[in-house]
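Let's take a friendly walk through a protein, one part after another.

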Amino acid sequence: MRTYVFFLLCCLFASAINAQKPVSIALRPDAPEPEARAANVLRLYLQQITGQPVPLQTTEKVPDGYAPVLLGKHPALQQFGLQQPPALPGDAFFLEGKNGAFLIAGGGGMGTEYGVYTLLELLGCRKYSPRDSFIPDIQNLQLPDYPPTVETPAFPYRELHYEPAFDEGWARWHKLKTRRDKDADWGLFVHTFQHLCPAELYFVEHPEYFAWNGAQRSPGQLCLSNDTVRQIVTDALREKIREKPDAKYWSVSQNDNYDYCKCPRCAAADLRYGSPAVPCLVLSTRSPRHFPIKQSPHSPTSTRQAPRGIKPAKNVSVCLCSIECNRGESIEDGCADFARDVRAWSALTNHLMIWDYVVQFRSYVSPFPNWHTLQPNLQFFRQHGVNMVFEQGVRARPLEFSDMRAYLLAKLMWNPQANMDSILTDFSDRYYGRRGRLSGHPSTG
Ligand SMILES: [Zn+2]
């Protein structure tokens, strides 16, 4: 009998614990806009998960009887034994779950919202594609215990050129640059000499502005050691910056071909510095004296080799592209010259962007067996201090496994050490095969 009573009391105690306090969201009264926005996103999803209204509390103290998700440096953190979050760089976030409460704090404009998406994934939510999400049904939602954790992206700039990433909601969920932000941030993106010193405008009267290929001048590239060309490019750039003053990045980069100028002056610079990249680098290094912004010389194979005896200015970001690499092997195993150039440039600058190709362009629906290279390549970039990654897929659909490719790449761009097998198993089970067997409901959100 005594055992039975004890068992009964235990059950009652357990049920008192399990009679969960309703979840709420606690926003400090003076919350900045990113936290208020993140709170609204979280509320929307928590209401879908629980099927109930979720209160948004904006008082300094959290009212009794709630299990709150607290956002930012909320004055009620001590009420639940939660830590003060540390200072966080842009996009990074801090999570802690304790005593039935959960804290999300983020850096910059997006960190808190990214933390919200990570909590939602901890609760079982997924956004497999812009068209396929999974939201679990949990009536008595219990916020998880979670050790104090800071998550910082492996690459501060993450852009994915696959169709799902053009969807604002999907890109935000997966912590990627959205199309809207990309358009706002970039003044000029790539292959910009054609805009800064157009052949249609200058070639007939001034062929000397353009590249000497050993036999004649060719309009495909510029002669970058020509002082007039440098002035034309600088003036054109100044004008474009005046038209779009809030843009962060301006690409000063070669046109889309493998040519480069071999005139005596350019060739002398190539010889002196050991790379045809130098005339372009000198131009971009010169420009920041006029423009306090980042610029990005885009380096095709011909100008990709790192120079000696010269460094990029601090506000110049060098972009290397991997278009010629064999995609059957990782870059380190199968593209030794590109790996060499990444290592060499990383010794010269902390601002290195990689334009990486993860797609083949001949037949978008044909199998492209490069899956085993995606993770080691991103790990290699991370290892060598790359801070901007552009993964070049294709916007069109349908493609060969394009939703799964985009999903995997987004996860790996945030954390190249993530467990790839778990990501792919989770995706394939729910997206392709086993969704119908799971409790919960798909969502179009
Ligand atoms: Zn030249």
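Start with an open sheet of six strands, which run in the order β2-β1-β3-β5-β4-β8 with mixed pairing. At its edges sit β2 (56–57) and β8 (146–151), each of which pairs on one side only. Keep in mind that what you see is a predicted model.

Helix α2, residues 33–50, packs on this sheet and touches β1 (23–27), β2 and β3 (67–71). The direction of α2 makes about 175° with that of β1.

Now for the pairing itself. Strands of a sheet pair through backbone hydrogen bonds, and they can do so in a parallel or an antiparallel way. In which sense do β4 and β5 pair? Strand β4 (residues 93–98) and strand β5 (residues 101–106) are antiparallel, with six bridges between them. You can pick out one of the partners yourself: Phe94 is bridged to Ala105 in β5.

Searching the whole structure turns up four cavities of 30 Å³ or more.

The largest cavity holds about 110 Å³ of space. Its lining has 15 residues, and Leu222, Leu224, Tyr260, Cys261 and Pro276 lie nearest the centre. At least two lining residues come from each of β12 (217–222), α9 (264–273) and α10 (278–286). By type, the lining has ten nonpolar, three polar and two charged residues.

The second largest cavity has a volume of about 70 Å³. Among the residues that line it are Tyr162, Phe368 and Arg405. Here the lining divides into five nonpolar, three polar and two charged residues.

Key: Residues numbered from 1 in each chain as written. Predicted model: local features only at pLDDT ≥ 70, side-chain atom pairs only at ≥ 80, totals over all residues. Heavy atoms only, no water. 1 Å grid on protein atoms, 1.4 Å probe; cavity = no way out; pocket = protein on both sides within 12 Å on 5 of 7 lines; lining within 4 Å. Points joined across faces, edges and corners; volume = space filled by probe spheres on them. Helix = DSSP H or I, 4+ residues; strand = E, 2+ residues; numbered from the N terminus. Nonpolar A, V, L, I, M, F, W, Y, C, P; charged D, E, K, R; others polar. Pairing = 2+ DSSP bridges. Contact = heavy atoms within 4.5 Å. Axes fitted to C-alpha atoms, helices over the stretch in contact; angles between N-to-C directions.
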